[in-house]
Amino acid sequence: KIRGLRENIMVAAQMKKKSKTNKSITFDVLFLFIISFLCVSLAHAQAKQTVTAIYIPLADHYAGIVAYEKYRDKMVHADYRIKRMKSWPLLRARFMSGEVDMAYIICPLAMDMFRERPGFRWVSLMHRDGNALAINDLLNTDVKLPGERALRLPDKKVAEAYSKAKRKLGRPTECGVPHLQATHTVVLYKYLKDHGKTLGLDSGADKDVIAIEVPPPKSPSFIKKKNSRAIPASFEQSLPWADVVETEGFGHVAWYSRDVMKWPPHGHVECIAIATDVCIEKKRDALKEVIQYIHQAGRDIEAAREKGQASMAAIADMIRKHIPEHNEQAIIQSLRLDLNVINYRHLNIDKAGLKHIMDLAVEGGILKKPIDIDAFADESFDTKITSQ
């Protein structure tokens with residue numbers, strides 16, 4: 001855009017030289033108007049500040065992707081860019097290096113990072129609810145899940161199937177989670193606790209289930225490998241990965257986090273947006289604009305869910321430009337309005353909701369200690385649009 005404006009100014013200047021032969025006052029006035037307009041436009045284009053956000057391929061981050069696809073060219077202050085990361089450890093390292101402005105991240109991991117080095121703040125939610133437990137065929141032999149997903153609730157059946165598998169294997173079964181310091185691990189801990197079972201973090205022969213780190217994109221292959229070896233297995237991951245394994249026929253959605261981590265009326269806190277203190281200080285208007293459009297994109301996703309198949313297909317097309325391994329059917333299943341197992345409403349700071357997650361994470365040994373949530377949260381980026 002800047003290059004084009006400069007070329008237009010040069011063309012206007014050449015036209016001015018030619019006009020001298022005509023001594024045209026009218027043309028001189030027009031020339032001055034054109035030059036003034038182009039200079040203002042050039043200054044405006046140069047004033048945009050780059051805001052780079054990093055993300056993981058999850059339904060959690062769909063609003064950030066839709067905001068990029070629909071609104072990046074409409075932004076006045078921000079040159080909004082997104083970059084995909086392969087895993088949570090890589091995302092953590094990249095953000096903490098100071099190379100990027102924002103990260104869309106699971107909240108226990110963000111709290112641990114803040115405890116380590118508080119050079120950033122929590123500026124928004126990315127969604128509410130939104131993860132699920134998937135089990136393979138061997139576990140489902142005992143669970144016998146109902147066909148309709150709306151009827152799959154976090155009762156004791158999966159917990160008892162875990163215990164039976166442990167007795168058969170002589171060791172705890174493994175459950176893949178995206179990171180040990182993930183909201184997903186907290187949800188899994190709470191589910192097992194609710195049914196008198198225990199969770200080990202990467203080890204623990206005396207536990208009923210062991211949580212191991214499996215990057216989200218690799219979770220379907222994790223289930224496939226266990227199936228091929230006749231080993232009971234599961235994963236607790238963000239949508240739509242659980243839907244991917246079901247729609248492709250090698251796993252089953254057992255339950256959704258919404259029904260384990262109940263947080264009325266809006267749904268539990270999960271992935272959040274964090275921004276560096278440098279970005280907050282030096283790119284405030286640009287950052288505020290990005291968050292405003294993320295919240296607008298959240299509303300757009302919700303509107304598409306209400307309108308139905310054609311609108312949802314358009315949202316899926318935007319998403320699959322960046323996450324092609326999320327098949328369209330899995331995206332649509334994850335965003336089904338009748339299930340309502342993830343939502344993109346009420347994305348402003350929710351301190352009480354975060355504290356609920358934090359307290360359980362500390363109790364389960366997922367976080368070493370609590371943080372000061374008031375120091376962590378920056379409510380100055382809250383918007384009205386997300387609650388309309």
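1. Cysteines. In this predicted model, Cys-175 has a relative accessible area of 0% and is therefore buried. Cys-271 also counts as buried, at 0% relative accessibility. The cysteine sulfur closest to that of Cys-271 belongs to Cys-107, and the distance of 7.8 Å is too far for a bond. A disulfide requires two cysteine sulfur atoms within 2.5 Å, and a search of the whole structure finds 0 disulfides.

2. An open mixed sheet. Five strands, in the order S2-S1-S3-S12-S4, make up an open sheet with mixed pairing. Its edges are strand S2 (78-84) and strand S4 (120-125), each of which pairs on one side only. From one strand to the next, the twist averages 30°. Inside this order, strand S3 (residues 102-106) is joined to strand S12 (residues 271-276) by 5 bridges in the antiparallel sense. Ala-103 has Ile-274 of S12 as its bridge partner. Helix H5 (residues 107-116) lies across S3, S4 and S12, and runs at about 120° to S3.

3. A covered helix. How many of the 10 residues of helix H3 (residues 62-71) are buried? The number is 8, and the helix is mostly covered. The buried residues are Tyr-62, Ala-63, Gly-64, Ile-65, Val-66, Ala-67, Tyr-68 and Tyr-71. The elements that cover them include strand S1 (49-55), S2 and S3. Helix H12 (284-307), helix H13 (309-320) and helix H14 (328-334) are also among the covering elements.

4. The nonpolar core. In soluble globular proteins, nonpolar side chains tend to be buried together. Here the largest nonpolar core has 129 residues. Those with the most contacts inside this core are Tyr-80, Met-102, Tyr-104, Ile-105, Ile-272, Ile-274 and Phe-376. Helix H12 gives the most to the core, with 9 residues.

5. Aromatic pairs. The count of aromatic pairs comes to 8. In one of them, the ring centres of Tyr-68 and Tyr-80 are 6.1 Å apart and the planes stand at 65°, so the pair is edge-to-face. Because Tyr-68 lies in helix H3 and Tyr-80 in strand S2, the pair ties together parts that are 12 residues apart in sequence. Both Tyr-68 and Tyr-80 are buried. The rings of Phe-114 and Phe-376 have centres 5.0 Å apart and planes at 55°, so this pair is tilted. Phe-114 in helix H5 and Phe-376 in helix H16 (residues 373-376) are 262 residues apart, and their pair links distant parts of the chain. Phe-114 and Phe-376 are buried as well. One aromatic cluster is formed by Phe-95, Phe-114, Phe-120, Trp-122 and Phe-376.

6. An enclosed strand. In strand S6 (residues 131-135), 5 of the 5 residues are buried, so the strand is largely enclosed by the rest of the structure. Asn-131, Leu-133 and Ile-135 point one way from S6, while Ala-132 and Ala-134 point the other way. Strand S6 runs antiparallel to strand S10 (residues 234-238), to which 5 bridges join it. Strand S6 also pairs with strand S11 (residues 252-256) in the antiparallel sense, over 4 bridges. Ala-134 stands opposite Phe-235 in S10 and opposite Val-253 in S11.

7. Cis peptide bonds. Leu-239 and Pro-240 are joined by a cis peptide bond, with omega about 5°. Pro-240 belongs to the loop between S10 and helix H10 (241-247). Another cis peptide bond joins Pro-264 and Pro-265, and here too omega is about 5°. Pro-265 is found in the loop between S11 and S12.

8. Positive phi values. Lys-144 is not a glycine, yet has a positive phi of about 55°. This lysine is placed in the loop between helix H6 (137-143) and helix H7 (156-169). Is Lys-144 buried or exposed? Its relative accessible area is 61%, and the cut-off for exposed is over 50%, so Lys-144 is exposed. Ala-230 likewise has a positive phi of about 55° without being a glycine. Its place is in the loop between helix H9 (219-228) and S10. Ala-230 counts as exposed, at 53% relative accessibility.

Terms used: Residues are numbered from 1 along each chain as its sequence is written. This is a predicted model: local features need pLDDT of at least 70, side-chain atom pairs count only at pLDDT 80 or more; totals for chains, interfaces and linings use all residues. Side-chain values use heavy atoms; hydrogens and water are left out. Buried means under 20% relative accessible area, exposed over 50%, partly exposed in between (1.4 Å probe, protein chains only). Two strands pair if DSSP finds at least two bridges between them. Helices (H or I, at least four residues) and strands (E, at least two) are DSSP runs, numbered from the N terminus. Axes are lines fitted to C-alpha atoms, for helices over the stretch in contact, and angles run from 0 to 180 degrees between N-to-C directions. Contact means heavy atoms within 4.5 Å. A nonpolar core is a set of buried Ala, Val, Leu, Ile, Met, Phe, Trp, Tyr and Cys residues joined through side-chain atoms within 4.5 Å. Rings of Phe, Tyr and Trp (its six-membered ring) pair if their centres lie within 6.5 Å; planes under 30 degrees apart count as stacked, over 60 as edge-to-face and the rest as tilted.
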